[in-house]
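Please keep the sequence and the model in view while reading.

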Amino acid sequence: MTETTQTHIDLENPAYYNNREISWLAFNERVLEEALDETNPLLERLRFLGIFSSNLDEFFMVRVAGLKDQVKAGFNKPENKAGLTPKQQLSAITKKNSELVRLQDHFFTETAVPLLSSENIRFLSTLELNSDQYKYVQEYFMSNIMPVLTPMAVDAYRPFPMLLNKSLNLAVRLQKDAGDEKESIAIVQVPGVLPRFLMLPSSDGSREYILLEQVLAEFIHMLFKGFTVVSASPFRITRNADLTIHEEGARDLLREIEKELKKRKWGAAVRLECQHGMMDDYILEFLLEALEVHPDDVYTLKGPIDLTFLFPLCDELAPEWEHLVYETLIPQPPEDLIAEADVFDAADDRDILLHHPYESFQPVIDFISTAADDPDVLAIKQTLYRVSGDSPIIAALARAAEQGKQVTVLVELKARFDEENNIQWAKTLEKSGVHVIYGITSLKTHSKIVLVVKKTAGGIKRYVHLGTGNYNDSTAKVYTDMGMITTRPSFGEDATNFFNHLSGFSQQPSWNEISTSPDGIRDELLHLIQQEIDCHKRNGSGHIIAKMNSLTDKELIIKLYEASQAGVRIELIVRGICCLKPGIPGVSESITVRSIVGRFLEHTRIFYFANNGRDDYYLSSADWMTRNMEKRIEIMFPVYEPILKKRLHAILQLILQDNVKAREQDSSGYYHYVEPAAGEPAVNSQLVLFEWASRFLDMNNE
């Protein structure tokens, strides 16, 4: 395409972009497809149903809530890519999400329940209980449930209660006397402190359960002596849970967030879920008015409300029904540490690449733990965004401080839905003598970096770990991420300056190797894309491969469109939201977009630029989203070791060959499974990567 033709294409055209929210729903649809996939074991399919539900909760609490706030404020300006107003977005969300929820509900009731029954796992209603089971349930109600319950009458003196976000409740319709036209309403919260499901006694070896809300509905009359229960309707509300933190005027950010967290539970209701056949019209109208919920935001299900109870159910069933779960895959010792198990000794010789969960996360824990106990280590500095509930990394950092080392930790208090957890970790670390900082005003610190300063015979030496994922030993088992450990002096200097910039009053320094956000990573990526355009114009070799979680930044999308118009081959691997549309004639013809949703959550950010045969590789904590480019402190870093670049090349090529879990986006924004060519073997990239890690270990043990 000539440059003259290019000038006639308006890259601001909304038709060239996917709406962010609808693209997210398309991602959640791919999660739901994993539940529908018959090749997945049954309990894993149920876990995907739970993930789908959990994802939707957060989507409504943040994204839908934000759009509703805009509508209430009278904001009707179209968003800057796909050109939809907040009202139009909400309408499109309702239409698409209603389809997905119906599909989820139908699969659970019509497919999952019969499949569970064929495995002698059944959910029973109170009408299906035998006499022994009914007696057991009644006794359980009296001894375990009844003492916890607090019925809340609704009348002139007792207004509608402030119900907890995501809580499951029963709306109880009552009559004083039979035939009395005057009715009363009470609300009873299903106790969240008790298990959602109750295992029933069974004489034939089967596993039978009843849901807690059904037990409560059966015996609810015992709470209302002198009244007749007309109906007991389960419902669940989702509230606006986004925090409004006024950082500029906050003297103590930790206390400010603690104060806001208390408000999160009581935000405006943005969704009402109820159960088909158990919600009468009178109660529904009452709830709509009391909660100020629009009818479009009501989701009526045939099956149970809130399928996140499937997570603990699957955990309980897995040991006995092993054939219904994935085969256990054990993370292998990292390839770069086979010959030299000690992380510090190995890092003295070369850069180390770690690929989780195929390779164990233990070396990262060892890196920090060993540093904590090494008398020659003088200082440890680290960023923490999300950590596990019983983090060995937190324990090591606290131990290091107690031993007199200089330990500085940036704990990001604003990590959404981990705020409370991170507040507790910050307090724990401070009590141990760690210097805890919270970041920079109005920015989230999303970078993944550790600096260890060690005294050696040759002088002070700096060891740096940089990564794409959180320092979380739990999620490292199910998230795909990469990390690199290096002793290159240029990286060490950057790490030192990075932490000094965060902890003190200093302008952002000039970096030797890394790029950082805000602004710097976007500028570097724009430069690298332009470099490919220039290379392609000179010799036709322009090629970009970029793997990330989400792509929403308009500046970067426009630059990719420009590169495509110049003929650069662009292969994007975007797990979640993607506002770029590939394959549009004259705009994005040379761009492909694929998404992999499988057993592990794809979380690595790997960027490849051919650069006329130089083959430049970068890893990053940042997705190509506007928030990552402008509102977060992120790090992007190059990989130099030829052998590590070769490994990254092989990994990217394998992912691009996936024809089992990969979907490809068409020019209309729709995703379709990648169809294998005739005779082409099936390639599940995640399983192959585990085979590679295991094979390398076997080769070294021979």
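In which sense do S5 and strand S6 pair, and over how many bridges? S5 and strand S6 (residues 207-211) are antiparallel partners, joined over 4 bridges. The model is predicted, so local features need pLDDT of at least 70 and side-chain atom pairs count only at pLDDT 80 or more, while totals for chains, interfaces and linings use all residues. Residues are numbered from 1 along each chain as its sequence is written, and side-chain values use heavy atoms, with hydrogens and water left out.

**Terms for the fold**

- Helices (H or I, at least four residues) and strands (E, at least two) are DSSP runs, numbered from the N terminus.
- Two strands pair if DSSP finds at least two bridges between them.
- Strands of a sheet pair through backbone hydrogen bonds, either parallel or antiparallel.

**The sheet with S1, S6 and S5**

- An open sheet of 3 strands has the order S1-S6-S5, with mixed pairing.
- Strand S1 (121-123) and strand S5 (197-200) are at the edges with a single partner strand each, so one side of each has no neighbour in the sheet.
- From one strand to the next, the twist averages 30°; axes are lines fitted to C-alpha atoms, for helices over the stretch in contact, and angles run from 0 to 180 degrees between N-to-C directions.
- Phe197 has Leu211 in S6 as its bridge partner.
- Helix H5 (residues 131-145) lies across S5 and S6 and runs at about 140° to S5.

**Pairings of S4**

- Strand S4 (residues 183-189) pairs with strand S2 (residues 152-154) in the antiparallel sense, over 3 bridges.
- Within this topic, Val154 has Ile185 in S4 as its bridge partner.
- Strand S3 (residues 168-175) also runs antiparallel to S4, and 7 bridges join the two.
- Asn169 stands opposite Gln189 in S4.

**Aromatic pairs**

- Rings of Phe, Tyr and Trp (its six-membered ring) pair if their centres lie within 6.5 Å; planes under 30 degrees apart count as stacked, over 60 as edge-to-face and the rest as tilted.
- The count by this rule is 23 aromatic pairs.
- Phe60 and Tyr299 make an edge-to-face pair, at 5.9 Å centre to centre and with 80° between the planes.
- This pair links distant parts of the chain, 239 residues apart: Phe60 is in helix H3 (residues 42-72) and Tyr299 in strand S9 (residues 298-301).
- Phe60 is buried (under 20% relative accessible area, with exposed over 50% and partly exposed in between; 1.4 Å probe, protein chains only), at 1% relative accessibility.
- Tyr299 is likewise buried, at 7% relative accessibility.
- The pair of Phe344 and Tyr463 is edge-to-face, because the ring centres are 4.9 Å apart and the planes are at 70°.
- Phe344 in helix H10 (residues 343-349) and Tyr463 in strand S16 (residues 459-467) are 119 residues apart, and their pair links distant parts of the chain.
- Phe344 is buried with a relative accessible area of 4%, and Tyr463 is buried at 1% relative accessibility.

**Around Phe60 and Tyr299**

- One aromatic cluster is formed by Trp24, Phe27, Phe59, Phe60 and Tyr299.
- Arg271 lies over the face of Phe60, 4.6 Å from the ring centre; a charge sits over a ring if NZ of Lys or CZ of Arg is within 6 Å of the ring centre and within 35 degrees of the ring normal.
- Thr94, in helix H4 (residues 86-118), is in contact (heavy atoms within 4.5 Å) with Asp296 and Tyr299, leaving aside neighbours within four places in sequence.
- Thr94 is buried, with a relative accessible area of 18%.
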